[in-house]
Amino acid sequence: MSSTYVEVLARTADAVRAAGSVLRERFGDVARHESREELMRALAANDEAVLEVLRPRLALLRPDARWVDDELQGGALPPGEWWLVDPAEGNVNHLHGLPEWAVTATLVRENRPVLTAIHLPLTGETYTALAGGGAHLDGRALRVSETTDLGLALVATSQARPDEDASIVRRIGSSVTAMLLDALVVRTSVPATLHLVSVAAGRIDAFWQFAGARPDLLPGALLVSEAGGRVTDAEGRAWTPESEGFLASAPGVHAAAVAALTR
């Protein structure tokens, strides 16, 4: 990647840190809500507060890049450069007083992630990755685990959306059962991105998910691949944002994970 993208990544990391401070200031007690509508308004308020800081900063970095307005969509993007942002990844956790949430910004070019920055405001950690330039945690190079035995592996998955298709929900349940039989420990929680940074850092050996929105997977896919991991669909084929399944893992357990998910 050119020196231009190196500089863009550094400034993107600065932008997500600045935006993360807004989200940290809004964190505290559980936000009570009596209806789905109240919950959706609270989620939107978090997003809007972060975007007020994040969006203008990113727009200055790549003025010609377009903005993905619907963070919940999946599938391919039109040609060109796009900013793919999740201003409050793990937003529901944030509103429930749980610590697992982040701010993410990813530059996508021709449907491939070019660079990503993921900031965890409560810990102050910032994960970054540049296509062809490696993955880092606050400047320290990341590497996936060297585990080669799925029976010794810690694996993870993330829940489908609350209104997900019933067939996908059943598939998730079957995959968790399969991994409970084959892996050492299975973690199930949201958001996906925080599992994927742990795969890149070698703390988790594999992560899988069915369906999912672009911001759930593209940032972590770049981070894991740049840390030496394998990123495919759940059947071991090349993954794209249009794929029905997703698997990111250490190379040594990838084949066994595919076998478990397709059994």
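Predicted model: local features only at pLDDT ≥ 70, side-chain atom pairs only at ≥ 80, totals over all residues.
Author: Residues are numbered from 1 along each chain as its sequence is written, and side-chain values use heavy atoms, with hydrogens and water left out.

Reader: How do you know how many helices and strands the chain has?

Author: Helices (H or I, at least four residues) and strands (E, at least two) are DSSP runs, numbered from the N terminus. Read that way, the chain holds seven helices and twelve strands.

Reader: And why is the chain called as compact as a globular protein of that length?

Author: The radius of gyration is taken over C-alpha atoms, and the globule rule is 2.2 Å times the number of residues to the power 0.38. For 263 residues the rule gives 18 Å, and the chain's radius of gyration is 18 Å, close to that value, so the chain is as compact as a globular protein of that length. Along the principal axes, the C-alpha atoms fill a box of roughly 50 × 45 × 35 Å.

Reader: What makes Ala-257 count as buried?

Author: Buried means under 20% relative accessible area, exposed over 50%, and partly exposed in between (1.4 Å probe, protein chains only). Ala-257 has 0% relative accessibility, so it counts as buried. Across the 263 residues of the chain, 51% are buried.

Reader: Which residues does Ala-257 contact, beyond its neighbours within four places in sequence?

Author: Contact means heavy atoms within 4.5 Å. With those neighbours set aside, Ala-257 is in contact with Leu-150, Met-179 and Leu-247. Ala-257 itself lies in helix α7.

Reader: Why are the buried residues of α7 said to line one face of the helix?

Author: Helix α7 spans residues 251–261, and its buried residues are Val-253, His-254, Ala-257, Val-258, Ala-260 and Leu-261. Down the axis of α7 they fall within an arc of 155 degrees, so they line one face of the helix. That arc is of the directions from the helix axis to the C-beta atoms. An α-helix has 3.6 residues a turn, so residues three or four places apart point the same way. The cover over the buried residues of α7 includes α4 (166–182), β10 (206–210), β11 (230–232) and β12 (245–249).

Reader: What makes helix α5 "mostly covered"?

Author: In α5 (residues 192–200), nine of nine residues are buried. Among them are Leu-194, His-195 and Val-197. After α5 comes Gly-202, with a positive phi near 80 degrees.

Reader: How do you know whether His-94 and Thr-128 are buried or exposed?

Author: His-94, in helix α3 (residues 91–95), has a relative accessible area of 2% and is buried. Leaving out residues up to four places away in sequence, His-94 touches Leu-23, Arg-26, Phe-27, Asn-46 and Trp-101. Thr-128, in strand β5 (residues 125–130), has a relative accessible area of 14%, and it too is buried.

Reader: What share of the contacts with a separation of 6 or more comes from residues 24 or more positions apart?

Author: Such residues account for 65% of those contacts in the chain.
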